[in-house]
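Hello,

Here is the structure I promised to pass on. Please have a look at it first, and then read my notes below.

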Amino acid sequence: MLQKLIEYSLNNKLIVVILVLILSFLGISSLYNSSAEFLPDLSSPIVSIITEKPGLAPQEVENLISRPIENNMQSLPNVLNIRSQSTSGLSVVTVTFKWGTDYYFARQLITQNLSEVTGKLPDGITPPYLSNAASRLGEVVQYYLQSDSLSMMDLREIADYDMRLRLQNVPGVMRINNTGGEVRQYQILLDSDRMRYYNVSLEDVRESVRSGNSDFAGGVIKDGPVELTLRGLGRLRSIKDLYYLTVSLQGSVPVYLKDVAIIQEGPEFRRGVVYINGKEGISSMVSKQYGSDTQPVITGIMKALDELKEFLPSSVTIETFFNQSDLINVSMLNLRDALIIGGLSVLIVVMLFLTNLRSTFIIAVTIPISVIITFIFMKVFHITLNVMSLGGLAVGLGIMIDAAIVDTENIFRWLKLHPDKKYWATLKGALEVRKPVAYSTAIIISVFAPLMFLTGFEGKLFLPFAFTIIVSMLVGFILSLTLTPMLCFTLFSEKISMRRDSFLSAKIEKLYAPLLEKTLKKPVYIIVTLVLLLGSTIALVPGLGSELLPAFDENATLLKIWLPPGTSLDEASNITSKITTIAGKAPDVKNIISSIGRQQGSECTEGGIGYSENYLEFVDRKERTKSVDEIQNWIRERTNNFPGAVITFQTPLNDRIEESISGSSGQLAVKLFGPDYDILSQKALQIKEIMAKMPGVIDLFYEPTAGLPFVNIVVDRQLAGRYGISPQAIADAVEVCFEGEIISSVTQGVKEFDVLIRLQERFRDEKEKIGSLLIDAPDGSKVKLQEVARIFEDSGPLLIKRENLQRRVQITCNISGGNINDVVADIKQHIHELNLDEGYSVVFGGNYARQSEITGQLFTIVGISLLVVFVLLLAAFKSTWQALLLIFTIPMALMGGVWAMFITGETFNVSSLIGFVAHFGLTVQKGVILIEYINDLKAEGYEINDAIRQAGRTRMRPVLMTALAASFSVLPLALGVGAGAEVQQPMAIVLIGGLLVSTPLVLLAIPSLFKIFSNRLTEKN
């Protein structure tokens, strides 16, 4: 069938050209209509349920909110894991479903179950809202606002209404989260003395505001032939409307709200603040909708921001400091350049070995056509343009062109031998390598195909990579049957026989022939050499580090600051300012945007008041003088011993990925499970001390779990009962007077402002005044809180984390210059020192857990690939020992990858392991080309030594050409230039290092081993 296809292509050249042109047009059209992303769609079936109840202590949040929601979610289908975080006023329950579960189906299941438990939650909570735990990966634009003349309240109003409403109209925008500034409120600040004087109760005030703020309808009345609609306007329209709300009657004299309270416009009690280079401002994050195309969304956002600048006050400054399209554009340009440079390098290799412009032109035509046609299948199967899919093309560039190189070189050789039989020589040259090329292509595909079945996050990440390599290989193979022979037949002339071999080919063959002769005479030497090299390689492996994924260079970094429990917002701002002042002096740091605390309603649930996340934006990449690690180390050296602060670093995208997938940021998370939080905290501190002494451990962080100061109010039921006061009445009074209660709202056009009831600050500015709070008794008298409750100071947990219904604490760290597996092994050796009681356990998580899981999957993939490759080799050679020969030489071939990692300082990670998988396929491919030709020569009557010599000399050139083509095609990726290159860099380094070793192995070791096995079998027979 393959022969007929080649003959048809040679006899119908015009049809082949027309088909190629049509496919090229479709490919270019697909390219321009494809979506572009930085990474593939990593949206995961992980949903967070966020519930807020301001002022509620962590223990009560756990017992009253988190625990009921967890128990309710436990029965959902396809749930893998449930974890929760309970802190002051905030509950976050995260439900992880099996990968492959439809996200919207998962949300629907949670919404249905949530409706059953919501009614059982405490009064006064904000309705639980859902967030995709991976939605941080959908954060596409972040900007800040500043003004020299407007107040923080006015500036926040612009952000909340003028800007948010405009941006929400942009197609694809899901949410705009604003942080910082001051949220405007209408505040009713109660005067306790005046309320007692007028005998006004707290419930009188609450009921007055509730009932005094409502519009109503009266139906219709007839007025002759006309119907009139009755419209009642009773809602509050301005702050003055609050003044004359009647709260009580003294005889016939009304007591107005203004008589017992100060009524004012004021800022909401702040739990978060933002600074831009030390000056206060507002930060806004725009998130895209699930599954929407990033680039058009960002284009719409940027257009809307430009339009808004024209209508906003001139003093308002809007600056974008995070734009995912910048990362996308830079990475796309870098990968485009990598493809171009790689393609040109392949052409140079062809030219150097064949010294024929026409053969080089044939490869030059085949490369872009192969790539362009691949875009058709990417479009059909919804594979976006991203660093992984284009990286797969860059890696596949040198592999997919192998078939065309081998075909062209062999046809070129046969035309030199038989210039007078052009058609026959072209057909003979194409058919001679057809079998080894077909099996080689099948072997490469069988190696990469299992990568498409990786599960979880890594599966989504590497599926586009494997897909583009497989498709490009198939396209390259089909073109080698059609376009390549047709171009060779058309372009090569009869004068080709007069051409001498290229200078490079002649020189290499001159060096290779005596080396091959020596190895054939004394093959034991090369076997001993290989064993020694393999031993030295194995000795290098323990010294190589390991990680899940290499960090991205996003031209920015996150500096996270954790402060002791109970730190006020003002103090947190002061300490953050001191640290960021130092960080601002670091090389290449351009801007620092600090977000301190947490804004109510935000989807960012990490930290609290004593936590700040500082976005360090670097100067333009071209102006950078330092790497991200060097900048981080510069800051780390100057801030490591800052009193009271724990400082860690993370790159923004890695932080989003790690937090989304594992719920913790850091390469290693040591989790301690058990029922008693005091014991957990004590044991966690012991683990932290152990880890602090270990080499390579950096950014060590133990999440603060204890030490949050409380003032406990314990109701004395007997004393309260004497006055007829219920615990609920006491709770209402304390919550409303100290925390404040949003009792209603005032609407002004599209703007809506909360109405807050709270005690005046002079009645609550000292903890000693808590006991003086007046509680309304049923008989109208007022009783001091201290008369019906015991009030004392205490401390308790800052946050309570649970996983699969068990309490846990964790210590996280990053690893520098070490191996994460060694660190875990060291910790395991010290666990017995903790003397853990029954019911307590230690589990290792974070990236380490994912890394262990993915490593297991990759080893399974390698095993399956080996089996499939072995079957293909059996089919190709019809010989078990020849198939085993190639299989057992694979570990030898992989030595170069290990050496390359050792020299460059790379680690074992998903990318480098995939590099080993890819190189395994390439080594077998070259071995097939050589051994298949040895078998052909033996079948023609050649003696074994002569067959090996002839095959070695003949196949030396295509083996070297394909090896160099594959190496040069990924060289730009190995150099790691530009955004996104970090993901493929370890893979490219392993490929190049491996090819440098496997190529001489194929050309020298395999012939020698082939001779030994062949002679032994001959003697045996």
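Which residues are linked in a network of salt bridges? They are Glu 203, Arg 206, Glu 207, Arg 210, Asp 732 and Glu 741. By salt bridge I mean a side-chain nitrogen of Lys or Arg within 4 Å of a carboxyl oxygen of Asp or Glu, and by this rule the count comes to 32.

Before the details, a word on the basis: this is a predicted model, in which local features need pLDDT of at least 70 and side-chain atom pairs count only at pLDDT 80 or more, while totals for chains, interfaces and linings use all residues. Residues are numbered from 1 along each chain as its sequence is written, and side-chain values use heavy atoms, with hydrogens and water left out.

Helices (H or I, at least four residues) and strands (E, at least two) are DSSP runs, numbered from the N terminus. For accessibility, buried means under 20% relative accessible area, exposed over 50%, and partly exposed in between (1.4 Å probe, protein chains only).

- Lys 279 and Asp 148 meet through their side chains, at 2.4 Å from N to O. This pair links distant parts of the chain, 131 residues apart: Lys 279 is in strand β14 (residues 279–288), and Asp 148 is in the loop between β5 (139–147) and α5 (152–167). Lys 279 is partly exposed at 35% relative accessible area, whereas Asp 148 is exposed at 70%.
- Lys 671 pairs with Glu 803, their closest N and O atoms being 3.2 Å apart. Here strand β20 (residues 668–673) supplies Lys 671 and strand β28 (residues 799–803) supplies Glu 803, 132 residues apart. Both residues are buried.
- Glu 793 and Lys 767 have their closest N and O atoms 2.6 Å apart. Glu 793 is exposed, at 54%, and Lys 767 is partly exposed, at 46%.

Now to the nonpolar cores, meaning sets of buried Ala, Val, Leu, Ile, Met, Phe, Trp, Tyr and Cys residues joined through side-chain atoms within 4.5 Å. The largest has 154 residues, and Val 395, Phe 448, Phe 465, Leu 873 and Val 924 touch the most other members. Helix α34 (residues 981–1020) gives this core its largest share, 17 residues. Another core, of 40 residues, lies apart from it and includes Leu 190, Val 755, Leu 759 and Val 788.

Best wishes
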